[in-house]
Amino acid sequence: MPDASEQADHHWMQQALLLSENAEVLGEVPVGALVVSDGEVIGKGWNTPISGHDPSAHAEMNALRQAALHRQNYRVIDATLYVTLEPCPMCAGLLVHARISRVVFGAYDEKTGAAGSVMNLLQHESLNHKVDITGGVLADVCGQRLSAFFKRRRAEIKAAKLARRAQATKPAPDQ
C-alpha cells in the first residue's frame, strides 16, 4: 500500500494529466504542470509554445510564472512542481533559479530530459541549489498520452502529404 507521500504524488500527477488535456486541445504537445505548496495549488500550466508563439511557454514555465505571481516573489521555495514529462534543460534551469524544493515528473524523456535521463541539471554539483527529484510517477499513463499524441500527429502529417501529392498529380480541369 502506498504511503501518504506516494498517494499525494499520484493525486497531483493526475491533476497535471488533466491540465495536459488543455495543451492537446490547442494542438500542443500534451504536457501539464502544477505547483503545490502546503497542499494548495499555487500555479497551473500546460504547453503553449506553438499557440502562444513563445518558445519558452512550456508547462513548467507557465505554472511557475503563475506560482511566482501568487507568491509575489520570483523565488518559489517550499513548493513542489508536478509535471507529466521530465523537464528539459530550459525548464530545469528555471526550477533551480526559482528555488523549487522538489520536482515530481511522470514520463522520462530519453531525448532531452534534464532530471536524470540525458543529464541532471537539477542536482548539478556546480549549481548553488539542488532540487529533489521523484521520477516515473504514473509514467505509463503520462507516456501513453504523449505516444498517442505523436502517433496521431505523424498520421495527420502523412495524410496531408498524400493529399498534397494527389492534388498535384490531378489533371487540371478543362477551361
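Leaving aside its neighbours within four places in sequence, which residues is A92 in contact with? The residues are P87, A114, L121 and L122, where contact means heavy atoms within 4.5 Å. A92 is found in helix α3 and is buried, with a relative accessible area of 0%. Buried here means under 20% relative accessible area, exposed over 50%, and partly exposed in between, with a 1.4 Å probe and protein chains only. A92 and E125 are 33 residues apart in sequence and 14 Å apart in space, C-alpha to C-alpha.

The model is predicted: local features need pLDDT of at least 70, side-chain atom pairs count only at pLDDT 80 or more, and totals for chains, interfaces and linings use all residues. Residues are numbered from 1 along each chain as its sequence is written, and side-chain values use heavy atoms, with hydrogens and water left out.

The chain has four helices and five strands. Helices (H or I, at least four residues) and strands (E, at least two) are DSSP runs, numbered from the N terminus. Along the sequence, they follow the pattern α-β-β-α-β-α-β-β-α. Of the 175 residues in the chain, 39% are buried. The C-alpha atoms fill a box of roughly 70 × 40 × 30 Å, taken along the principal axes. Among contacts between residues at least 6 apart in sequence, 56% join residues at least 24 apart.

The strands come next. Strands of a sheet pair through backbone hydrogen bonds, either parallel or antiparallel. Two strands count as paired if DSSP finds at least two bridges between them. In this model, five strands form an open sheet with mixed pairing, in the order β2-β1-β3-β4-β5. Its edge strands are β2 (40-46) and β5 (132-134), each of which pairs on one side only. Neighbouring strands of the sheet are turned by 20° against each other on average, direction ignored. Axes are lines fitted to C-alpha atoms, for helices over the stretch in contact, and angles run from 0 to 180 degrees between N-to-C directions.

Strand β1 (residues 32-37) pairs with β2 in the antiparallel sense over six bridges, and V36 stands opposite V41 in β2. The hairpin of these two strands has two residues between them, and D38 takes a positive phi near 50° there. β1 also pairs with β3 in the antiparallel sense, over four bridges; here L34 stands opposite Y82. Six of the six residues of β1 are buried, so the strand is largely enclosed by the rest of the structure. G32, L34 and V36 point one way from β1, while A33, V35 and S37 point the other way.

In strand β3 lies T84, which counts as buried because its relative accessibility is 1%. Leaving aside neighbours within four places in sequence, T84 is in contact with residues including G32, G106, A107 and C142.

The bridge partner of V103 in β5 is I133. Helix α4 (residues 139-169) packs on the sheet, touching β3 (80-85) and β4, and its direction makes about 60° with that of β4.

Helix α3, where A92 is found, covers residues 89-98, and its buried residues are C91, A92, L95, V96 and A98. These buried residues pack against α2 (59-71), β3 and β4. R99 follows α3 and has a positive phi, near 65°.

The surface and charges complete the picture. The chain has an accessible surface of about 10,000 Å², of which 55% belongs to carbon and sulfur atoms; accessible areas come from the Shrake-Rupley method with a 1.4 Å probe, and for residues only the protein chains shown count as cover. The mean positions of the 18 positive and 19 negative charges are 10 Å apart. Lys and Arg count as positive and Asp and Glu as negative, while His and the chain ends are not counted. The place of a charge is taken as NZ of Lys, CZ of Arg, CG of Asp or CD of Glu.
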